[in-house]
Amino acid sequence: MTHRIRVLIAKIGLDGHDRGAKVVARTLRDAGMDIIYTGLHRTPEEVVTAAAQEDVDVIGISLLSGAHMTLVPRIFELLKEAGAEDIPVAVGGVIPDDDVPRLRELGVASVFLQDTPLDDLVKRIQELAASRQSR
Amino acid sequence: MTLNLESLAADILKGSARALARGLTVVEKGGVAAEALSERIYRHAGAAHVVGITGSPGTGKSTLARALARLARVRGLTVGIVAVDPSSPFSGGSILGDRIRMNDLSMDPGVFVRSMATRGALGGLCPAVADSVDLMDAAGKKLVIVETVGVGQDEVDIMELAQTVLVVSVPGLGDDIQTLKAGILEIADLHVVNKADRPEASRLVADLNSIAMLAAPVQRAWVPPVLSCVAVREEGIEPILDAVTQHAAALRNSGEMESRHRRIVKARVLRIAQQLLKSAIGNPGNDSEAMLGRVARRDLGPHACARVLLASMAAFNEASRDAADPLRPPQESSAR
């Protein structure tokens with residue numbers, strides 16, 4: 001009867017390293033969430049379609065390639081096209097400090113850097129999911 | 001989130017993908033809204049052919065679902081896929097990874113994929129699966145594929161949901177005695193031997209065929225064929241989809257479609273009734289707690305208690321539903 005938080009964890013672009021994404025997926029799973037994991041090398045189009053079909057509460061994007069300022073804006077464009085702009089987007093991975101405010105300006109709800117404690121991550125995802133639920 | 005079920009149902013029937021996604025969330029959440037949405041959708045479903053794919057973990061069920069969906073699209077059918085993966089028995093969370101094998105389907109608006117967790121269900125499916133299939137069906141998907149969790153030998157709930165059941169096997173998991181055992185292999189309408197480029201695939205095909213021959217042929221209008229494929233390379237998929245079509249035709253011609261449908265409906269109603277009973281026992285709105293106390297004190301037998309509770313539940317559930325669903329059409333409630 002209760003809603004279980006649904007989170008899409010996606011790796012986009014040419015980036016073959018998914019250990020971080022797997023740690024996050026596993027951590028959120030152990031916090032009782034349903035995690036839809038897309039695997040490596042996804043396009044923004046695939047990620048947004050998956051998020052819309054799965055009706056997730058949060059999209060989590062992992063990037064270590066440095067292409068975040070190119071790929072993340074595309075995600076927001078596509079979410080709008082899909083009528084799914086109510087889904088909050090979190091970004092994690094290797095993100096230079098200077099880019100964090102720029103990502104926030106684009107509409108990214110949270111940026112998780114490598115030193116984010118896992119408990120904080122869980123708490124923040126729960127907050128993001130709750131904010132969408134109450135919308 | 002405020003939700004207008006009437007307009008949601010209408011948008012689902014119009015084929016809106018976003019409405020379908022939201023509707024699936026509603027039915028997965030369960031409760032009164034799920035029931036109300038299901039009741040609105042149900043009469044509009046029934047046109048789709050529902051195919052179940054089951055088999056052990058790692059046999060290639062998701063990859064086969066993708067391959068079948070792609071071929072069905074070439075043949076002009078729209079496709080819905082419900083892919084089930086297990087919930088953790090500890091945290092209740094899950095990693096739903098079936099989509100990884102189907103990522104390219106996202107680029108085709110004629111295919112809708114939804115991942116679901118088992119939520120403690122033991123038969124290989126999840127509690128909301130039947131309602132989810134109806135939603136996809138009512139949204140216009142002509143082929144609905146339900147992929148079970150990776151199963152062992154005994155999770156056969158899919159036969160009470162799908163019109164055609166594919167059991168996927170791979171070479172290397174055991175000898176001919178494994179194919180003789182009761183359980184999952186018995187429910188196959190079609191045997192698929194995946195990864196058929198591996199050694200001993202032909203042996204497995206022969207074993208499965210010989211088991212099919214052992215069954216008394218006179219009782220059966222349909223002998224389950226054994227078909228080989230390499231799903232990841234999309235080899236051998238055409239004969240499988242052909243066999244699904246032939247099976248549907250055979251069911252219709254022999255009249256078995258109707259009896260199978262009755263069996264599916266009966267199992268579904270029974271599951272819902274069990275769920276209602278489960279949620280009513282222990283609910284403070286009735287006297288079940290007091291009666292359970294009497295059973296605990298051995299003042300009342302468990303069988304007698306169950307019968308009395310069942311009788312009183314009927315009245316209780318009726319009252320609780322009327323109170324809880326303000327959207328119920330007025331003519332139904334006034335008729336009572």
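Predicted model: local features only at pLDDT ≥ 70, side-chain atom pairs only at ≥ 80, totals over all residues.
**View 1. A strand of chain A pairs with a strand of chain B.** Here β2(A) meets β3(B), residues 94-96, in a parallel arrangement with three bridges (two strands pair if DSSP finds at least two bridges between them). Strands are DSSP runs of E with at least two residues, helices are runs of H or I with at least four, and both are numbered from the N terminus. Look for A:Asp34, whose bridge partner in β3(B) is B:Ser94. On β2(A), A:Asp34 and A:Ile36 point one way, with A:Ile35 and A:Tyr37 pointing the other way. All four of these residues are buried, meaning that 20 or more other C-beta atoms lie within 10 Å of a residue's own, with C-beta atoms placed from the backbone (12 or fewer is exposed, and in between is partly exposed).

**View 2. β2(A) also pairs with β1(A).** β1(A), residues 6-11, runs parallel to β2(A), and four bridges link them. A:Asp34 turns up again here, as the bridge partner of A:Arg6. To get from β1(A) to β2(A) the chain passes through α1(A), making a right-handed β-α-β crossover: with the strands pointing away from the viewer, the path from the first strand over the helix to the second runs clockwise.

**View 3. Chain A touches chain B.** The contact involves 30 residues of chain A and 28 residues of chain B, where contact means that C-beta atoms, placed from the backbone, lie within 7 Å. On chain A's side, α1 (19-30), β2 (34-37) and α2 (44-54) each give two or more residues. The biggest giver is α2(A), with seven residues. Sorted by class, this side has 12 nonpolar, eight polar and 10 charged residues (Ala, Val, Leu, Ile, Met, Phe, Trp, Tyr, Cys and Pro count as nonpolar, Asp, Glu, Lys and Arg as charged, and the others, Gly among them, as polar).

**View 4. Domain 1 of chain B meets domain 2 of chain B.** Chain B is assigned domain 1 (1-44), domain 2 (46-253) and domain 3 (261-329), with bounds from an automatic or database domain assignment. The centres of domains 1 and 2, taken over C-alpha atoms, are 26 Å apart. Their contact takes 15 residues from domain 1 and 13 residues from domain 2. On the domain 1 side, α2(B) supplies the largest share, six residues. That side has nine nonpolar, five polar and one charged residues.

**View 5. The largest nonpolar core has 124 residues.** Such a core is a set of buried Ala, Val, Leu, Ile, Met, Phe, Trp, Tyr and Cys residues joined through C-beta atoms within 7 Å. Among the members that touch the most others are A:Ile35 and B:Ile145. Leaving out residues up to four places away in sequence, B:Ile145 touches B:Val51, B:Ile53, B:Ala65, B:Leu68, B:Ala69, B:Val79 and B:Ile81.

**View 6. A:Leu106 sits in α4(A), residues 99-106.** A:Leu106 counts as partly exposed because it has 16 C-beta neighbours inside 10 Å. Beyond four places in sequence, A:Leu106 contacts A:Val72, A:Pro73 and A:Phe76.

Methods
Residues numbered from 1 in each chain as written. Chains lettered and ligands numbered in written order. Contact = placed C-beta atoms within 7 Å.
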